[in-house]
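Thanks, everyone. I have one chain to walk through today. Please bring up the sequence and the structure.

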Amino acid sequence: MDIKNYINGNFHEPSSNEWIDNFCPANGEVYGQIPNSSKEDVENAYIAAKSAFPSWSQTTLEERSRILLKISEGIEANLGKLAQAESEDNGKPISLAKAIDIPRASSNFRFFANAITQFASESHESVGMNAINYTLRQPIGVVGCISPWNLPLYLFTWKIAPALAAGNCVVAKPSEVTPMTAYLLGEICNKAGLPKGVLNIVHGLGTTTGQAIIEHPDIKAISFTGGTATGAHIARTAAPMFKKLSLELGGKNPNIIFADCDYDDMLKTTVKSSFANQGQICLCGSRIFVEASIYEKFKTDYVKKVKQLKVGHPSKNDTNIGALVSKPHLEKVMDCIQIAKEENGKVLCGGNRVTVAGFENGYYLEPTVIEVTTDDCRVNQEEIFGPVVTIMPFNTEDDVLQMANKVKYGLSATLWTNDLKRTMRLSNQIHAGIVWVNTWLMRDLRTPFGGMKASGVGREGGFEALRFFTEPKNVCIKY
Ligand SMILES: NC(=O)C1=CN([C@@H]2O[C@H](COP(=O)(O)OP(=O)(O)OC[C@H]3O[C@@H](n4cnc5c(N)ncnc54)[C@H](O)[C@@H]3O)[C@@H](O)[C@H]2O)C=CC1
Ligand SMILES: O=C(O)/C=C/C=C(\O)C(=O)O
């Protein structure tokens, strides 16, 4: 199916008539074309957004909320179609798209439709000065939202929903690798009655379409999720124009397992936190550190469970691990495994491409566990973003804390222990924006979400997102 840009409520071909092949990761075949939108298309999207802004920013909160709820319902009503599109475009198991990706996209709109009705600003009485200060939280104007391929509609809507709820108009670009569900969202928005131009979706490469968005002098804020190198490039480009930036970037997250944890729960969840979505979630616990006293037992039990995961076609209900998102990404992940071997990492299971009968050109890879003896190796320092984890033992809390923090990233961490004091000590000291204790990826959309160090700048979620998408203006009145 050919995809078009959604500008001013209508579907348009790219002005340059330049197209990009869209590949299906499950079989490696081209199954459609997407626009490689130019500066001109981005400008058209901007003009539509700009002209929609005066009206949308003055639309009552109740009305904005009502329309966003309708979009949420539209996503829910199209669950089957969207899940199938997501699975075909991304390679993820359809079961995952149905249970997680699409319901969460719907929740994102529902959550921010409700949150905006509860969003309030501060006032400060300046005692002894006969003055009162109050702070307005005004929409910024036209904002840019750029999202990645791993959780396509989930992350696309995680940015768009708060931006719209706060009264902004949006120029958004999904990943060129997984454009399909963002394309389908346009029709849902029209049916929900979203006024023309409030949301505009342009498709294309990061280096052309994405670059035109971040360089646009009047797109005043950029919310981006993706790789750390791209985040750094966006920051370099946007900073001299004083754009507001929210950057949600890569991770190399420690999963720290103490002997006193609830073992069965830990084991089951660790398999999930290692390999969910083929390991292509920035929050996956890709570095597993296990207390020495249970290391050998863990190693045996974990590898046994990982070997039971079924790699298969994403449309099959019994598939645990689908296809990786693209051929270049598969090659990148396989290169990382090769580097691990060269650095004396021991592959305990996996490490090879999988041929799925009938889909021989699909991008399938075995879930891979690598035992390492030092945390300094590249495979333990660099983000792989695939179904590959490392495991190694540790002796003391101090040792593991040091190793956990000795990476450039600081996105999330998982702790498995029943010792409350240890939980508090480690949670306080660990370099991560998100710490899960005895669980993983349990989400409450009100909480601040994002990372420190090379994992990003700013936080998404809840009122943090609404604060990002508004400009605070303080008014001081003397009486
Ligand atoms: N934190 C996360 O959730 C993600 C991390 N990654 C990491 O990044 C690595 C590279 O993956 P990529 O697909 O190359 O991610 P990327 O960071 O290049 O892509 C993310 C989004 O940014 C856009 N983009 C790329 N260059 C841009 C530019 N100059 N201006 C504006 N937008 C631009 C892309 O078109 C896409 O929509 C992965 O191997 C993985 O390690 C990738 C995707 C998501
Ligand atoms: O908001 C969430 O629940 C998860 C977000 C995940 C990412 O940002 C990612 O994998 O890139």
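**A hairpin and its sheet**

Start at the hairpin of β5 and β6: four residues lie between the strands, and glycine 128 there has a positive phi near 85°. Strands here are DSSP runs of E of at least two residues, helices are runs of H or I of at least four residues, and both are numbered from the N terminus.

Before going on, the ground rules. This is a predicted model: local features need pLDDT of at least 70, side-chain atom pairs count only at pLDDT 80 or more, and totals for chains, interfaces and linings use all residues. Residues are numbered from 1 along each chain as its sequence is written, chains are lettered from A and ligands numbered from 1 in the order in which they are written, and side-chain values use heavy atoms, with hydrogens and water left out.

β5 and β6 pair antiparallel over four bridges. Two strands count as paired if DSSP finds at least two bridges between them. Serine 123 has tyrosine 134 as its bridge partner in β6.

β6 covers residues 131-139, and its antiparallel pairing with β22 runs over nine bridges. Alanine 131 is bridged to lysine 478 in β22.

**Two domains**

The domain assignment gives domain 1 (5-249 + 455-478) and domain 2 (253-444). Such bounds come from an automatic or database domain assignment. The C-alpha centres of the two domains lie 30 Å apart. Their contact takes 26 residues from domain 1 and 28 residues from domain 2. Contact means heavy atoms within 4.5 Å.

From the record: UniProt, in an unreviewed entry, lists residues 14-475 as "domain: Aldehyde dehydrogenase". UniProt positions are in the numbering used here, feature names are shortened, and annotations may be inferred rather than shown by experiment. Over residues 14-475 the chain is 43% helix and 20% strand, with the end C-alpha atoms 44 Å apart.

**The nonpolar cores**

How many residues does the largest nonpolar core have? It has 124, and those with the most contacts inside it are Ile71, Leu199, Phe298, Tyr302 and Val369. A nonpolar core is a set of buried Ala, Val, Leu, Ile, Met, Phe, Trp, Tyr and Cys residues joined through side-chain atoms within 4.5 Å. Buried means under 20% relative accessible area, exposed over 50%, and partly exposed in between, with a 1.4 Å probe and protein chains only.

Helix α5 (residues 152-165) gives the most to this core, ten residues. The core draws at least three residues from each of domain 1 and domain 2.

Take phenylalanine 298. Neighbours within four places in sequence aside, its contacts include Ile257, Tyr263, Met266, Ile288 and Ile391. There is also a second, separate core of 28 residues, with Leu330, Leu365, Phe394 and Ile430 among them.

**An annotated glutamate**

UniProt's unreviewed entry puts the feature "active site" at Glu248. Glutamate 248 sits in strand β11 (residues 244-248). Is glutamate 248 buried or exposed? It counts as buried, at 2% relative accessibility. Leaving aside neighbours within four places in sequence, glutamate 248 is in contact with residues including Phe224, Cys282, Leu411, Phe449 and Glu460.

**Loops and a helix**

Two asparagines next. Most residues other than glycine have a negative phi. Asparagine 8 has a positive one, near 55°. Asparagine 8 lies in the loop between β1 (5-7) and β2 (10-12), and is partly exposed at 31% relative accessible area. Asparagine 17 has a positive phi of about 60°. Its loop runs between β2 and β3 (19-24). Asparagine 17 is partly exposed too, at 48%.

Last stop: threonine 208, in helix α7 (residues 206-215). Threonine 208 is partly exposed, at 31% relative accessibility. Not counting residues up to four places away in sequence, threonine 208 touches Asn36 and Ser37. Threonine 208 and asparagine 36 are 172 residues apart along the chain, with their C-alpha atoms separated by 7.4 Å.
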